[in-house]
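Colleague: I would like to learn how to read surface and helix features in a model such as this one. Could you take me through them step by step?

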Amino acid sequence: MHAEHDPGLSPEQRRCAAELRSTLDQLPLDAVTQARLSAARRRALDASRPRQYLPIWTGAALAAALVAAVSLSLNPVGTDATPQPLDEDSLEWLALSTATPGMYEELELYEWLADDGDAG
Amino acid sequence: MANPDAAYASMDAFLASVERRALRTAEFSVNNRDDALDLVQDAMLELARRYAQRPPAEWPPLFYRILNNAILQFHRKRRRHARWFGWLENDAAVLDAVPDPGPDPANSAQQGEAMADLSAAMQRLSLRQRQVVMLRVWEGLDVADAAAAMRCSPGSVKTHLSRALNALRSQLEEHT
């Protein structure tokens, strides 16, 4: 309630309050000051607005998803891990690859003996 | 107010509705438009930061309380500064004593004689009386809200207003 309607004031005081208000209402404000005032309001409102964390969280989520995808492609999970039976060539290669140098020497000796026996 | 965008729009509308009166209130109190603009911006910022989630009906007394505190702080700082550095600034003090002509002579001309008389009459009031005139007469806060804004009792608001109106009436009648 404006003071001009306050029953606690005398009629003269109420009239004075009404005239004051009317004079104050008519106060012009130049365009430059109005623009500065509006800019101040915008600055105050922008500074008070909570920052937008969404893009940061979105970026973090995308990065985490990318890391997970790369990790899964390098180390697949859930594929069939049952060993397949080896064919004959693979078994021979395996046997040779696990043989000791001494075994090779003995093998060469037996081959030489066999050749020599055939020749003789 | 749960929706932040609605709260932001509502606060924007409120501040737009009070900014001109707030600027005049500050200007009457500190006699300098740039300082007044700074004070109004600081008050807007504090209201928006701290009280945006409060019901809009509470904003007017809160805003003017913040603004009045800022004005009091401004005067305290100025007094303290003058006490400690006054001996360094004799020339500046002389300049400060000259009444501020206002930011724009064209604007002053626009305001006319009535405004000049009113401005001069307001300058003769105490700071509290100026505040109560702006809050009760122009802003339209009721006694309780004005008391909350000025951090004083409702009785004190009534006393300040009554004395301020009597002083203004006699000063303005002298000029007419």
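Modeller: Let us begin with exposure: a residue is buried under 20% relative accessible area, exposed over 50%, and partly exposed in between (1.4 Å probe, protein chains only). This is a predicted model, in which local features need pLDDT of at least 70 and side-chain atom pairs count only at pLDDT 80 or more, while totals for chains, interfaces and linings use all residues. Residues are numbered from 1 along each chain as its sequence is written, chains are lettered from A and ligands numbered from 1 in the order in which they are written, and side-chain values use heavy atoms, with hydrogens and water left out.

Colleague: Is Asp116(A) buried, partly exposed or exposed?

Modeller: Asp116(A) is partly exposed, because its relative accessible area is 42%. Asp116(A) lies in helix 5 of chain A, residues 101–119, where a helix is a DSSP run of H or I with at least four residues, numbered from the N terminus.

Colleague: And where is Tyr110(A) placed?

Modeller: Tyr110(A) is also in helix 5 of chain A, and with 52% relative accessibility Tyr110(A) counts as exposed.

Colleague: Which class does Phe63(B) fall into, buried or exposed?

Modeller: Phe63(B), in helix 3 of chain B (residues 59–85), is buried, with a relative accessible area of 0%. Phe63(B) and Met44(B) are 19 residues apart in sequence, and their C-alpha atoms are 7.2 Å apart in space.

Colleague: Which residues are buried in helix 2 of chain A?

Modeller: Among them are Thr33(A), Leu37(A), Ala40(A), Ala44(A) and Ser48(A). An α-helix has 3.6 residues a turn, so residues three or four places apart point the same way.

Methods. Helix = DSSP H or I, 4+ residues; strand = E, 2+ residues; numbered from the N terminus.
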